[in-house]
Amino acid sequence: MEIPPIALNDGMMIPQLGFGVFQIPPPETEHAVLAALEAGYRHIDTAEMYGNEQGVGEAVRAAGLDRGEVYITSKLNNGYHRPDEARRAFAQTLELLGYGYVDLFLIHWPLPTLYDGDFVSTWRTLEEFRADGRARSIGVSNFQVAHLERLAAESDIVPAVNQIELNPYFRNHEVVEYGLEHGIATEAWAPIGQGRVLDDPILLELAGRYAKSVAQVVLRWQIQHGNIVFPKSVNPERIRENIAIFDFELEPGDMRKIDGLDRGEAGRNGPNPDTFDYVPS
Ligand code: NAD
């Protein structure tokens, strides 16, 4: 299974499809990630707030793979935006993974209403991690256009990626456009809308016509738009299904049909990054 690599603005490459581990309980993570690695995935998306970084590292070792064979992303806990806390948290991420570096480290949420909205100081701290080589690439997640504009004005490094909510019902158009214009790769979180889009009649019709599942059609739509995706499942059959999307291509008219499902802001399922202020206790 050839997964296409995407070139990031810092010269690094990322596999366009990976495996997400949000809401996989820590004791089950090693097992699920191992199933993904056996199915051919070589890119894992975890986060400090998922509490399962350790299982990700264990799975890579259990699979007998070298560190360099798997692309690993993690993200800063919302509770640790202040520079000293971010430094401590990042060191713990590496310790839990059991490796000396991550391929990509992200600010998980901008939290503009907390810490005096000073995500710029947090970003400068991530710049340190890139400079010392412990993060090969750095990026952000859930950043809106205004947040990206502020980073551009007040810091030195353009984020390599912005990981945002994006599915056929919520194309998150403005943020995607900003990324295209400024060389920031878009990662689509919850690429199949956490299952919400799977019974859409138009998607069902397309799935029938291409003899694929709805999940495969939607993931293929994401790939053809150039988005980086990491669907999550703990079911080995679905894990294999979600990676088997490189043997067909959606025709331009069908891409436009899926584009037409966008509901704008009403299609957003997750929290709005402008107001989201969750901090784990
Ligand atoms: P998703 O869109 O990947 O959907 C997962 C759900 O769909 C699960 O309930 C699963 O059982 C089901 N599913 C998966 N494959 C299926 C298939 N082939 N057929 C039918 N059902 C299927 O949602 P997600 O897990 O929320 O998002 C994927 C990843 O994105 C996460 O694991 C995480 O890594 C990342 N994420 C990031 C953020 C962020 O704030 N940065 C937020 C949410 C998710």
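Student: Which helices each supply at least two residues of the lining of the largest pocket?
Tutor: Keep in mind that this is a predicted model. To read a lining, look at the elements its residues come from. Here, helix 8 (214–224) and helix 9 each give at least two residues to the largest pocket. Helix 9 has the largest share, with three residues.

Student: What is the volume of the largest pocket, and which residues lie nearest its centre?
Tutor: Its volume is about 850 Å³. The lining has 36 residues, and F22, Q23, W189, A190 and Q194 are the ones nearest the centre. By class, 18 of the lining residues are nonpolar, 13 polar and five charged.

Student: Where is the ligand in relation to the pockets?
Tutor: The ligand takes up the space of the largest pocket.

Student: Which parts of D45, I192 and K232 face oxygen atoms of the ligand?
Tutor: With D45, a side-chain N or O atom is 2.7 Å from a ligand oxygen. With I192, a polar backbone atom is 3.0 Å from a ligand oxygen. K232 also uses a backbone N or O atom, at 3.0 Å from an oxygen of the ligand.

Student: What can you tell me about the second largest pocket?
Tutor: Its volume is about 310 Å³. Of its 20 lining residues, V176, L180, T186, H225 and N227 lie nearest the centre. Strand 1 (5–7), helix 6 (173–182) and strand 9 (185–189) are the elements that contribute two or more residues to this lining. The largest share, five residues, belongs to helix 6.

Student: How many cavities of 30 Å³ or more does the structure hold?
Tutor: A cavity, unlike a pocket, is a space from which the probe cannot get out. The structure holds one of 30 Å³ or more, and the volume of the largest cavity is about 30 Å³. Among its lining residues are N142, F143, E165 and R268. Sorted by class, this lining has three nonpolar, three polar and two charged residues.

How values were computed:
Residues are numbered from 1 along each chain as its sequence is written. This is a predicted model: local features need pLDDT of at least 70, side-chain atom pairs count only at pLDDT 80 or more; totals for chains, interfaces and linings use all residues. Side-chain values use heavy atoms; hydrogens and water are left out. A polar contact is a pair of N or O atoms within 3.5 Å; within protein, one must be able to donate a hydrogen and the other to accept it, and residues adjacent in sequence count only if both atoms are side-chain atoms. On a 1 Å grid over the protein atoms alone, a cavity is a set of points where a 1.4 Å probe fits but cannot get out, and a pocket is an open set with protein on both sides within 12 Å along at least five of seven lines; lining residues have an atom within 4 Å of a point. A molecule sits in a cavity or pocket if more than half of its atoms lie within 2 Å of its grid points. Grid points are joined across faces, edges and corners, and a volume is the space filled by probe spheres set on the points. Ala, Val, Leu, Ile, Met, Phe, Trp, Tyr, Cys and Pro count as nonpolar, Asp, Glu, Lys and Arg as charged, and the others, Gly among them, as polar. Helices (H or I, at least four residues) and strands (E, at least two) are DSSP runs, numbered from the N terminus.
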